[in-house]
Amino acid sequence: MIPPSGEQFEISGGGYRAVVTESGAALRSLTYAEWSLVDGFGEHEMSYGGRGQLLMPWPNRIRDGRYSFGGTEHQLALTEPKRGNASHGLARWVAWSVEEHTGHSVSLQYRLMAQSGYPWTLDLHVTYDLSADGLTVTQTATNTGPAPAPYACGAHPYLSVGPGPVDTWELTLPADTCALTDERLLPVGREAVEGTAYDFRVARPLRGLELNHTFTDLTRDRRGIATTLVRDPATGRGVALWVDEHVRWLLLYTADDVAGLERRSIAVEPMSAGVDAFRSGEDLVTLAPTGEPGDQLSVTWGVRAVD
């Protein structure tokens, strides 16, 4: 029998162990010294709530599934019908193929064919690599066609420092700005986090705060890296998610709207562009035609344990 998420690819290194699935090239599990750093899904389950999935060629939502690019209107399938949105890209349920699998790393690839609503062909690639520094994930898209293509990417890991709930966990989020959304979780503006409940630039407990919010204007170190930290002060355990300079947005989600899963963990989703970027154009990348400079984009992020 084939598991719902397809073939399972296990890697290990530096005290870490991870399992990546054929379905969506998703991160099903990640542990350090037998401690789970992500709230994933079981081998005999399909990913639910986006757990561990890659969001390509766009993350989050597109209003009404409609957008214009290069003077042409496009209509995507509404994969979030209750809110009338096209959600989380086109590659999270497809079967990815293994390119290389070693003891500490696995690379998978998928050719996204031109289709209704997204008439461009992209070669998508991801590498998961484990070392003493934790997990490093590199997502790459290459335009294989003759016309420019709109592109953004993201991922959907849920971080965990114990059994939850998250209320006593401390969050450090290096973001100066929070996006405001409507009832469809689509952007209607933004505000500085200063003086609001969403200011986690200094570590503090989540308490009862419900999160399904995107953040930007990230503070970075000298290497261009921005790091989000979740810690349980009762145990001292912490987990960090870091992003490179191509990741300009983070979405944080405590799943308060999902019965049985609410506040069990916290999703920290790296995104190269914000919600509805295919319509707004903000931080959207245009991949050049194949063979020309700019026909490819690689984005890197990672997760590590913090003692």
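Some ground rules. Because the model is predicted, local features need pLDDT of at least 70 and side-chain atom pairs count only at pLDDT 80 or more, while totals for chains, interfaces and linings use all residues. Residues are numbered from 1 along each chain as its sequence is written, and side-chain values use heavy atoms, with hydrogens and water left out.

I start with the strands. Two strands pair if DSSP finds at least two bridges between them.

Now look at β13, residues 134-143. Eight of its 10 residues are buried, so the strand is largely enclosed by the rest of the structure. Buried means under 20% relative accessible area, exposed means over 50%, and partly exposed lies in between, with a 1.4 Å probe and protein chains only. Strand β12 (residues 122-131) runs antiparallel to β13 and is joined to it by 10 bridges; a hairpin of two residues connects them. Tyr-128 stands opposite Val-137 in β13. Strand β13 is also antiparallel to β27 (residues 296-306), with eight bridges, and here Ala-141 stands opposite Leu-297.

Next, salt bridges. The term means a side-chain nitrogen of Lys or Arg within 4 Å of a carboxyl oxygen of Asp or Glu. The whole structure has 20 of them. In one, Arg-184 meets Asp-64 at 2.7 Å, N to O. That pair links distant parts of the chain, 120 residues apart: Arg-184 is in the loop between β18 (175-181) and β19 (187-192), and Asp-64 in the loop between β6 (61-63) and β7 (66-69). Arg-184 counts as buried because its relative accessibility is 19%.

Asp-256 and Arg-263 form another, at 2.9 Å; Asp-256 is partly exposed at 25%, and Arg-263 is buried at 10%. A network of salt bridges links Arg-61, Glu-80, Arg-83 and Asp-257.

Arg-92 is in the loop between β9 (85-87) and β10 (97-101). Its side chain does make a polar contact of 2.7 Å with that of Gln-53. A polar contact is a pair of N or O atoms within 3.5 Å; within protein, one must be able to donate a hydrogen and the other to accept it, and residues adjacent in sequence count only if both atoms are side-chain atoms.

Last, Glu-282, in the loop between α1 (277-280) and β26 (285-287). Glu-282 is partly exposed, at 35% relative accessible area. Its side chain makes a polar contact of 2.8 Å with that of Arg-190. Leaving out residues up to four places away in sequence, Glu-282 touches Arg-190, Trp-249, Ala-273, Gly-274 and Ala-277, where contact means heavy atoms within 4.5 Å.

Conventions: Helix = DSSP H or I, 4+ residues; strand = E, 2+ residues; numbered from the N terminus.
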